[in-house]
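Hi,

Here is the structure I said I would pass on. Have a look at it first, and then read on for my notes on what turned up.

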Amino acid sequence: MVSIDVRDASVDFPIFDAKSRSLKHTVLGVVGGNVAANASKVIVIEALHNINLHVSEGDRLALVGHNGAGKSTLLRLLSGIYEPTSGEARVNGRVAPVFDLGVGMDPEISGLENIMVRGLFLGMSRKQMEARVDDIAEFTELGNFLHMPLRTYSTGMRVRLALGVVTSIDPEILLLDEGIGAVDASFLERAKGRLKDLVDRAGLLVFASHSDDLLKQLCTSALWMEHGTIRQQGPLDEVLGSYNHGRDHATSEG
Amino acid sequence: MSSSRTREAAPAGSGGPAESRSGGAGSAPIPTGRNFRSAFADLRRGWDQRELWLHLGWQDIRQRYRRSVLGPIWITISMAVTAIALGILYSGLFGIELATLLPHVLVGMIVWAFISGCITEGSEVFVANTGLITHLPAPISIHVYRLVWRQTLFFAHNLIVYAVMLVAFPQPLRWTDLSAFLAMALLIVNGTWVALLIGIVSTRFRDLPPVTQSLVQLLFFLTPIVWMYDVLLDNPAVAERARLVELNPLFHFVEIIRRPMLGQDQEWRTWIIVGGIAAVGWAVTLLVMRRYRSRVAYWV
């Protein structure tokens with residue numbers, strides 16, 4: 001059963017400066033005693049605070065909130081990249097995170113090779129990817145360019161490639177970050193059908209975005225993040241309504 | 001000097017809040033938290049994804065020399081040239097026969113390239129993969145496996161020089177010298193924990209990679225690669241001091257594989273020391289993995 005279970009989870013980031021990053025300072029600090037210990041105190045940013053969340057199979061959850069509200073951090077928590085500093089996060093199922101389409105792409109190797117590496121990273125086997133390569137090649141419409149090194153690609157071509165790979169796999173848990181919407185809106189428009197298919201195939205979707213239209217097309221429920229905590233959770237329209245109301249309210253005041 | 005006065009200070013790392021209630025329950029979720037189960041799970045899941053890191057390690061090598069005519073032969077050529085130059089120089093300086101010293105230097109340098117590669121690249125293994133670690137959920141061990149695999153490929157590649165050397169300077173090889181393969185396996189096992197341990201610690205403390213690099217440079221001179229331990233032992237004036245080399249763990253790492261590769265008699269002592277270091281090293285690394293594995297994504 002595909003599900004995500006988060007209980008009392010917090011994510012604290014230590015912010016190291018040059019001093020606390022240094023072994024020399026840390027070692028000397030231990031020998032030096034109290035004074036140095038105070039001086040080398042590490043600042044901690046609480047990115048997520050006491051998150052309680054249950055997402056089960058079939059859920060299509062939208063994440064909304066201002067920049068820095070903790071949406072991306074929450075997605076990384078749900079994907080298992082960050083393990084909570086306290087509390088627990090239990091992820092049941094194979095995760096396909098789509099946070100940044102450019103990461104993990106190697107500019108020196110060809111598009112085809114990049115497809116393979118991407119797929120392997122997403123937990124596919126070599127055989128599975130070989131079976132999908134033709135389909136991906138067709139979707140990207142890159143033709144002979146697939147044999148060229150990735151550094152010769154334009155940004156749009158890279159996005160096609162990355163989106164082609166991601167939408168060709170069958171994820172149990174699909175985590176999408178707004179970044180993909182920001183990269184190339186016109187292509188996303190074209191890829192929407194494929195994205196929808198992907199979402200339908202996925203057992204569970206969590207999608208962080210600032211685009212209400214996109215959210216309405218893909219999601220059914222929503223979660224409003226604010227200052228690293230959950231502000232509101234419920235049906236999409238309800239949460240979007242109060243989120244937008246709050247935002248309009250804030251702008252009209254300020 | 002004043003360490004006797006210093007009180008027991010709290011361990012660095014600012015401690016982590018209690019957690020990891022993740023008991024038995026279902027087998028589907030990936031074990032998390034600061035326990036041995038999740039540390040082992042990381043190593044095992046990384047191993048299961050070997051299709052990925054075998055591919056990446058192989059690609060690392062091809063890519064580094066993609067646009068050069070000679071390709072990866074470059075590494076091998078530069079290694080051979082350095083070894084031959086040093087062999088000629090030091091055989092003159094020490095008055096040792098070239099036929100004795102050159103194979104010694106050459107094999108020593110091939111082995112050293114593997115050892116130093118695991119240590120110095122290990123100190124940057126997670127920092128260099130920041131993008132992948134913070135964007136794709138994967139066991140951290142795959143980055144280490146990829147590194148060690150890449151170094152192993154380099155090593156295999158450098159064996160070309162060794163093969164040429166065997167033709168020019170035949171060595172008295174016997175069947176028992178096939179133990180070199182077992183020795184290499186032990187070196188790989190050791191290289192893995194070293195890269196993992198140094199990788200985790202130097203992700204937290206960023207001044208470690210440069211320190212590591214200088215230290216490895218220094219160790220090169222402290223390890224009998226361009227000079228010969230046996231020759232020093234024969235000289236009563238320095239024999240006593242030369243014995244200090246035994247304290248250098250890397251001396252044993254080189255000896256365990258160089259001796260069979262040159263058809264020399266091996267000592268059980270070397271195998272016991274290298275095996276012992278592997279056991280202790282892995283024990284320490286697992287302790288560090290248990291406590292800090294989940295922190296790597298936060299630190300990079």
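Let's start with helices H4 and H5 of chain A. In this predicted model, helix H4 (residues 111-121) and helix H5 (residues 126-140) of chain A pack at an angle of about 130°, and their axes are 10 Å apart. Angles from 65 to 115 degrees would count as roughly perpendicular and those over 145 as roughly antiparallel, so H4(A) and H5(A) come out as oblique to each other. If you look at how H4(A) and H5(A) cross, the crossing is right-handed.

Which residues of H4(A) and H5(A) meet? From H4(A) there are Leu112(A), Ile115(A), Met116(A), Gly119(A) and Leu120(A). On the H5(A) side they meet Arg126(A), Met129(A), Glu130(A), Val133(A) and Ile136(A). Sorted by class, the residues of this contact are seven nonpolar, one polar and two charged.

Chain A also has two open sheets to look at. One has three strands in the order E2-E1-E4, with antiparallel pairing. Strand E2 (43-56) and strand E4 (86-92) of chain A are at its edges; each has a single partner strand, so one side of each has no neighbour in the sheet. On average, and ignoring direction, neighbouring strands here are turned by 30° against each other. Strand E1 (residues 3-15) of chain A runs antiparallel to E4(A), and six bridges join the two.

Now over to chain B, where helix H11 has two helix contacts worth a look. With H11 (residues 249-261) of chain B, helix H12 (residues 268-292) of chain B packs at an angle of about 120°, the axes being 9 Å apart. That makes H11(B) oblique to H12(B). Is the crossing left-handed or right-handed? H11(B) passes H12(B) in a left-handed crossing. Pro249(B), His252(B), Phe253(B), Glu255(B) and Ile256(B) are the H11(B) residues involved, and they meet Thr270(B), Trp271(B), Ile273(B), Val274(B) and Ile277(B) in H12(B). Seven of the residues in this contact are nonpolar, two are polar and one is charged.

The other contact is with helix H4 (residues 98-122) of chain B, whose axis comes within 10 Å of that of H11(B) and crosses it at roughly 130°. H4(B) and H11(B) are therefore oblique to each other, and their crossing is right-handed. H4(B) brings His104(B), Val107(B), Gly108(B), Val111(B), Trp112(B) and Ile115(B) to the contact. H11(B) brings Leu250(B), Phe253(B), Val254(B), Ile257(B), Arg258(B) and Met261(B). By class, that gives nine nonpolar, two polar and one charged.

Last, the two chains together. How many residues does each chain put into the contact? Chain A gives 49 residues and chain B gives 44 residues. Between chain A and chain B the buried area is about 4100 Å², and carbon and sulfur atoms give 56% of that.

Cheers

Note on methods: Residues are numbered from 1 along each chain as its sequence is written. Chains are lettered from A and ligands numbered from 1 in the order in which they are written. This is a predicted model: local features need pLDDT of at least 70, side-chain atom pairs count only at pLDDT 80 or more; totals for chains, interfaces and linings use all residues. Side-chain values use heavy atoms; hydrogens and water are left out. Axes are lines fitted to C-alpha atoms, for helices over the stretch in contact, and angles run from 0 to 180 degrees between N-to-C directions. Helices (H or I, at least four residues) and strands (E, at least two) are DSSP runs, numbered from the N terminus. Angles under 35 degrees count as roughly parallel, over 145 as roughly antiparallel, 65 to 115 as roughly perpendicular and the rest as oblique. A crossing is left-handed if the near helix is turned anticlockwise from the far one by less than a right angle, and right-handed if clockwise. Contact means heavy atoms within 4.5 Å. Ala, Val, Leu, Ile, Met, Phe, Trp, Tyr, Cys and Pro count as nonpolar, Asp, Glu, Lys and Arg as charged, and the others, Gly among them, as polar. Buried area is the accessible area (1.4 Å probe) that two parts lose on being put together, summed over both. Two strands pair if DSSP finds at least two bridges between them.
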